[in-house]
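Please look over the sequence and the model before reading on.

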Amino acid sequence: MTTPPATGLTMAEELLLLGLHPERSRFRVQPRYLRYGLAAAVLAELEGYGSVAEERGRIVVPRPLRTGQPLLDQFLDGLAAGSPGSPGSAGKGRGEHLQRWLRRNGERVERLAVDALVDRGAIRLDEQRALGLFPYRRYPVRDHGLHGQVLGSFHAALERGVPDRRSRVLVGLALATDLATRLGVPWRVRRELKPLVREQWYAQAVHKQVNSDKAAANGGGA
């Protein structure tokens, strides 16, 4: 089981803070990429409890024991029922298709993680409209001490060679979402740690989805 940090944050909440630029109040990377990472962080943490696993590209639930973490348990309940709560999901017993699940649930994980961070006073939710028409969200940091602690722990783990499962998961997801580059992780270090993405089924799924999105965007602009 993954040991929770002293902050009491879930991995999704911690990854969201890592991905949040404190001056711009926006994500450091393409929001869609980070959302894949947030959804994968839920799976990683549930795996740490022994609740979920991956089989042939699908998510299975060998031990649907509740974790006591509201954010995690919402998704565990849906996975255990054979559905993430969205139309067209797999039937009970089949298991959710992993990459499809990431695409469908990333925004929902973001909303829940934001709500949790707002409740604890870490960030503020600021909803605005561009040109008075198009809604968008900003997340101003309120607790700069907590934000700095999360960033400091991330870089300290890199310096120590990512010594525990939690740091390996967060670094793997940071690599898969391109966040590691925006956090100033040197190219040499990113290259050395690249195997983490291949070792973690959820990070590998994020990496594949991000690459698929990039390929689609490049093809669309051709």
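What follows is a walk through aromatic pairs, a helix and salt bridges in this predicted model.

The aromatic rings come first. A pair of aromatic rings is described by the distance of the centres and the angle of the planes. Across the whole structure, a search finds 3 aromatic pairs. One of them is formed by Phe75 and Trp101, with 5.8 Å from centre to centre and 75 degrees between the planes, an edge-to-face arrangement. This pair links distant parts of the chain: Phe75 belongs to helix H3 (residues 70-80) and Trp101 to helix H4 (residues 98-119), 26 residues apart. Both Phe75 and Trp101 are buried. Another pair is made by Trp201 and Tyr202, whose ring centres are 5.1 Å apart; their planes stand at 70 degrees, and angles over 60 degrees count as edge-to-face, so this pair is edge-to-face. Trp201 is buried at a relative accessible area of 14%, and Tyr202 is buried at 4%.

The charged end of Arg108 sits over the ring of Phe75, at 4.4 Å from the ring centre. Helix H3 also holds Asp73. The relative accessibility of Asp73 is 4%, so this residue counts as buried. Leaving aside residues up to four places away in sequence, Asp73 touches Arg66, Thr67 and Gly68.

Helix H4 can be taken as a whole. Its 22 residues reach 30 Å from the first C-alpha to the last, close to the 32 Å expected at 1.5 Å a residue. H4 has a kink of about 45 degrees, centred on Asn105. Asn105 is also one of the buried residues of H4, which include Leu98, Trp101, Leu102, Val109 and Leu117. An α-helix has 3.6 residues a turn, so residues three or four places apart point the same way. After H4 comes Gly121, whose phi is positive, near 80 degrees.

The next topic is charge. Side chains of opposite charge can pair when their charged atoms come close. How many salt bridges does a search of the whole structure find? The search finds 11. One of them joins Glu14 to Arg166, with the closest N and O atoms 3.0 Å apart. Glu14 lies in helix H1 (residues 11-19) and Arg166 in helix H6 (residues 165-176), so the pair links distant parts of the chain, 152 residues apart. Glu14 and Arg166 are both buried.

Helix H4 takes part as well. Arg35 and Glu110 meet through their side chains in a salt bridge of 2.4 Å, N to O. Because Arg35 is in helix H2 (residues 31-48) and Glu110 in helix H4, this bridge ties together parts that are 75 residues apart in sequence.

The side chains of Glu127 and Arg137 meet at 3.4 Å, N to O. Glu127 is in strand S6 (residues 126-130) and Arg137 in strand S7 (residues 134-138), 10 residues apart. Glu127 is exposed, with a relative accessible area of 55%, and Arg137 is partly exposed at 31%. Elsewhere, salt bridges that share partners join Glu14, Glu45 and Arg166 into one network.

Key: Residues numbered from 1 in each chain as written. Heavy atoms only, no water. Phe/Tyr/Trp six-rings, centres within 6.5 Å; stacked < 30°, edge-to-face > 60°. Helix = DSSP H or I, 4+ residues; strand = E, 2+ residues; numbered from the N terminus. Buried < 20%, exposed > 50% of the residue type's maximum accessible area, 1.4 Å probe, protein only. Lys NZ or Arg CZ within 6 Å of the ring centre and 35° of its normal. Contact = heavy atoms within 4.5 Å. Expected span 1.5 Å × (residues − 1). Bend = angle between axes of the 7 residues up to and from the residue. Salt bridge = Lys/Arg side-chain N within 4 Å of Asp/Glu carboxyl O.
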